[in-house]
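Me: I have a model open and want to go through a few spots in it. Can we start with one side chain?

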Amino acid sequence: MNHIFNFFFGQYFDYSTTDIILEITAVVFGFLSVLFSKQNKIWVFPTGMISTAIFVYLLVKWELLGDMMINVYYFIMSVYGWYIWTRKVDDSHMTPITRTTLKEKKISVLIFIATLIFVYVVYQAFDKWTSWVAYVDTITTAIFFVGMWLMARRKLENWIYWIVGDIISVPLYFYKGFTFTSFQYLGFTFIAIFGYLAWKKNLNKSQTTQTA
């Protein structure tokens, strides 16, 4: 039993109690944020901002530059998404769930490529190309940047990016030594799958109502 515990949580022996509590708190608020997103509720943004703010602090302390940039971006996009979700498209309706347009797909590709270039430049500047993890980080960062932008705009396809990025992040964070965060992404994967199904059902219902 001790071997199993050490395998999953041995890396925390060198962490301060404060950092462990902060990571768990960030994970809890991260779960709440994704659950609220699945339910299409505005609380996705304030809970997500709390989670990302804590993670930014921890990731700076742990010198994980790529992960820190992801969370800074999440925080900024949460502010943007909060505005979009509460913006009225007419006198009685807020921004609805919709599918990604051709223009938005092109922008998504540009965001993905721009993120790869940006992370590459930053990693070069800080000499972070020290292992294969840096290359995977670059890809997941680009995936999550697109996913967060689409979620902020209330686009159904955002969940596809989250699913792919979450699946990659589960073993990646475990390898980095952050078991709680790894478990968080495992939970995120399942929530994202159900989130996609829930949003698709909501979208289909709205389209049926409009054509009825």
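Me: Which backbone oxygen does the side chain of Ser-78 reach?
Reply: This is a predicted model. In it, the side chain of Ser-78 reaches the backbone oxygen of Tyr-74, at 2.8 Å.

Me: And is Ser-78 buried or exposed?
Reply: Buried: the relative accessible area of Ser-78 is 3%, and the cut-off for buried is under 20%. Ser-78 lies in helix H4, residues 65–86.

Me: What does Ser-78 touch, leaving out residues up to four places away in sequence?
Reply: Phe-45, Met-49 and Met-148.

Me: Met-148 comes up in a helix contact too, I think. Which helices make that contact?
Reply: H6 and H7; Met-148 is one of the H6 residues in it. On the H7 side the residues include Tyr-161, Trp-162 and Asp-166.

Me: How do H6 and H7 pack?
Reply: Helix H6 (residues 132–152) and helix H7 (residues 158–176) pack at an angle of about 150°, with their axes 9 Å apart. That angle makes H6 roughly antiparallel to H7. The crossing of the two is left-handed.

Me: What kinds of residues are in the contact of H6 with H7?
Reply: 15 nonpolar, five polar and three charged.

Me: New topic, Phe-188. Where is it, and is it buried or exposed?
Reply: Phe-188 is in helix H8, residues 179–211. Phe-188 is buried, with a relative accessible area of 9%.

Me: What does Phe-188 touch, again skipping residues up to four places away in sequence?
Reply: Gly-30, Phe-31, Val-34 and Asp-166. Asp-166 is also one of the H7 residues in the contact with H6.

How values were computed: Residues are numbered from 1 along each chain as its sequence is written. This is a predicted model: local features need pLDDT of at least 70, side-chain atom pairs count only at pLDDT 80 or more; totals for chains, interfaces and linings use all residues. Side-chain values use heavy atoms; hydrogens and water are left out. Helices (H or I, at least four residues) and strands (E, at least two) are DSSP runs, numbered from the N terminus. Buried means under 20% relative accessible area, exposed over 50%, partly exposed in between (1.4 Å probe, protein chains only). A polar contact is a pair of N or O atoms within 3.5 Å; within protein, one must be able to donate a hydrogen and the other to accept it, and residues adjacent in sequence count only if both atoms are side-chain atoms. Contact means heavy atoms within 4.5 Å. Axes are lines fitted to C-alpha atoms, for helices over the stretch in contact, and angles run from 0 to 180 degrees between N-to-C directions. Angles under 35 degrees count as roughly parallel, over 145 as roughly antiparallel, 65 to 115 as roughly perpendicular and the rest as oblique. A crossing is left-handed if the near helix is turned anticlockwise from the far one by less than a right angle, and right-handed if clockwise. Ala, Val, Leu, Ile, Met, Phe, Trp, Tyr, Cys and Pro count as nonpolar, Asp, Glu, Lys and Arg as charged, and the others, Gly among them, as polar.
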